[in-house]
Amino acid sequence: MLLRNAKVVTITDDNRYGLIECGAIAIQDGLIDWAGSNDEIPAKYLEQASRDLEGRLITPALIDCHTHVVYGGNRAVEFEMRLEGASYEEIARAGGGIVSTVTATRQADVDQLVKTALPRVDALLAEGVSVIEVKSGYGLDRDTELNMLRAARKIATLRPVRIKTTFLGAHATPAEFKGEPDRYIDEVCIPTLRAAHAEGLVDAVDGFCEGIAFNPDQIKRVFDVARELGVPVKLHAEQLSNIGGTRLAAEYGAISIDHVEYANEDDARAMAKSGSVAVLLPGAFYTLHETRLPPIADFRKHGVPMAVATDCNPGTSPLMSILLTMNMTCTLFRLTPEEALCGTTKHAATALGLSDTGQIKAGLRADLAIWDIEHPAELSYRIGFNPLFERIFGGETVARKAK
């Protein structure tokens, strides 16, 4: 297939739009075979079937590199509590927060978890997303953690999407281990990680390193097992305070370190040295009424790549729009629209350890989003508007807006 007469946003290696004003893309066997200017199309492609995109804009398909879309129940009541003045920590210490989702998730089987997750997944796909990372972490026991990961894998058989699964057993201490986080890590979290890995369910290992969750020494024990198993790590760190999670994750070569509102310049230096991606999550920042901004200037200064994700979850970021997330990252964190688009394509791919997507260039997967817009900045500019015209997944058109 040859797509021609389009504005092509290639996303360059130096993190620019790489906009080709009148461009074309040749697709062969599910991969991008060539991309360039309309007037430079090689002769061999001119014999292929072609489509005139009438000046529409093409970007790499978007990537949501941090989500918790598989879970049971919801936490609308906590939303009310926060509006009445309760803090995230107060809600968590009173038995709410992450732990409050555990009961509903434990009561659901794999099929139920898939059924409730699909509408959230569909919302993301409808905005041009072709890769979604899905974390466990709402089971906090062996059976439910495994079921969450099985449900995530099953989603990829029901929808045209790539799913990357992350084991997040070190998300919170369940009620039955209250006050005994070390025993939970040793008796539940680590054995479940081994079981999930043996079943082929783990693409990465994550943890929540925070005063209300687990300290660096506890996370280190989980990371040691991940290293033994040859699985990459990532970490929720420095969201509510700075207790050293970022530097620990950097020491382990984490592919991403997420939230990072309380990270500092030393953390940015460590991330630059380790090659870790900073994943910015404005949905949680917005929902929790946070005021501490991530150190964007330090990340820029030290060349830390910044990804952008929804953090879709039932409590602190009930956000299912990657486009709104891009707008929020620009408005709240002062990223540029160019940085936001790189953050949901190239850098998001790196945050998931993917090297075959996130840009438009020969040899990469033909995962593309076609938009009814004139300039890529429009993706971050509008609020509550979806200009997606078509999504191409592995070279096949899987969704198209009716004319």
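Helix α5, which covers residues 110-125, packs against helix α6, which covers residues 142-158, and the two axes lie 9 Å apart at an angle of about 55°. That angle makes α5 oblique to α6, and the crossing in which α5 passes α6 is right-handed. All of this is read from a predicted model, and the values that follow come from that model as well. On the α5 side, the residues that meet the partner helix are V110, D111, L113, V114, A117, L118 and V121, while α6 contributes N147, M148, R150, A151, K154, I155 and L158.

A second pair of helices can be described in the same terms. Helix α7, residues 181-198, and helix α8, residues 216-229, have axes 10 Å apart and pack at an angle of about 20°. Because angles under 35 degrees count as roughly parallel, α7 is described as roughly parallel to α8. The crossing of α7 and α8 is right-handed. From α7 the contact takes in P181, D182, I185, D186, C189, I190, L193, R194 and H197, and these meet Q218, R221, V222, V225, A226, E228 and L229 of α8. The residues of this contact comprise nine nonpolar, two polar and five charged.

The table sets out the two pairs.

| Helix pair | Angle | Distance between axes |
|---|---|---|
| α5 and α6 | about 55° | 9 Å |
| α7 and α8 | about 20° | 10 Å |

Helix α10, residues 265-274, shows how burial can be arranged around a helix, and its buried residues are D267, A268, A270 and M271. Viewed down the axis of α10, these buried residues fall within an arc of 160°, so they line one face of the helix. The elements against which the buried residues of α10 pack are α9 (245-251), β11 (256-259), β12 (277-280) and α12 (296-302).

N5, which is placed in strand β1, residues 2-9, has a positive phi of about 55° although it is not a glycine. N5 is partly exposed, with a relative accessible area of 25%. H289, in the loop between α11 (282-287) and α12, likewise has a positive phi, near 55°, in a residue other than glycine. With a relative accessibility of 57%, H289 counts as exposed.

Two further loop residues show how separation in sequence and separation in space can be set side by side. E199 is in the loop between α7 and β9 (204-209), where it counts as partly exposed at 39% relative accessibility. From E199 to E176 there are 23 residues in sequence, and the two lie 26 Å apart in space, C-alpha to C-alpha. S317, in turn, is found in the loop between β13 (306-308) and α13 (322-333), and its relative accessibility of 0% means that it counts as buried. S317 and A284 are 33 residues apart in sequence, while their C-alpha atoms are 4.7 Å apart in space. Once its neighbours within four places in sequence are left aside, S317 is in contact with G283, A284, T287, T310, D311 and C312.

Conventions:
Residues numbered from 1 in each chain as written. Predicted model: local features only at pLDDT ≥ 70, side-chain atom pairs only at ≥ 80, totals over all residues. Heavy atoms only, no water. Axes fitted to C-alpha atoms, helices over the stretch in contact; angles between N-to-C directions. Helix = DSSP H or I, 4+ residues; strand = E, 2+ residues; numbered from the N terminus. Parallel < 35°, antiparallel > 145°, perpendicular 65-115°, else oblique. Left-handed = near helix turned anticlockwise from the far one by under 90°. Contact = heavy atoms within 4.5 Å. Nonpolar A, V, L, I, M, F, W, Y, C, P; charged D, E, K, R; others polar. Buried < 20%, exposed > 50% of the residue type's maximum accessible area, 1.4 Å probe, protein only. Arc of directions from axis to C-beta.
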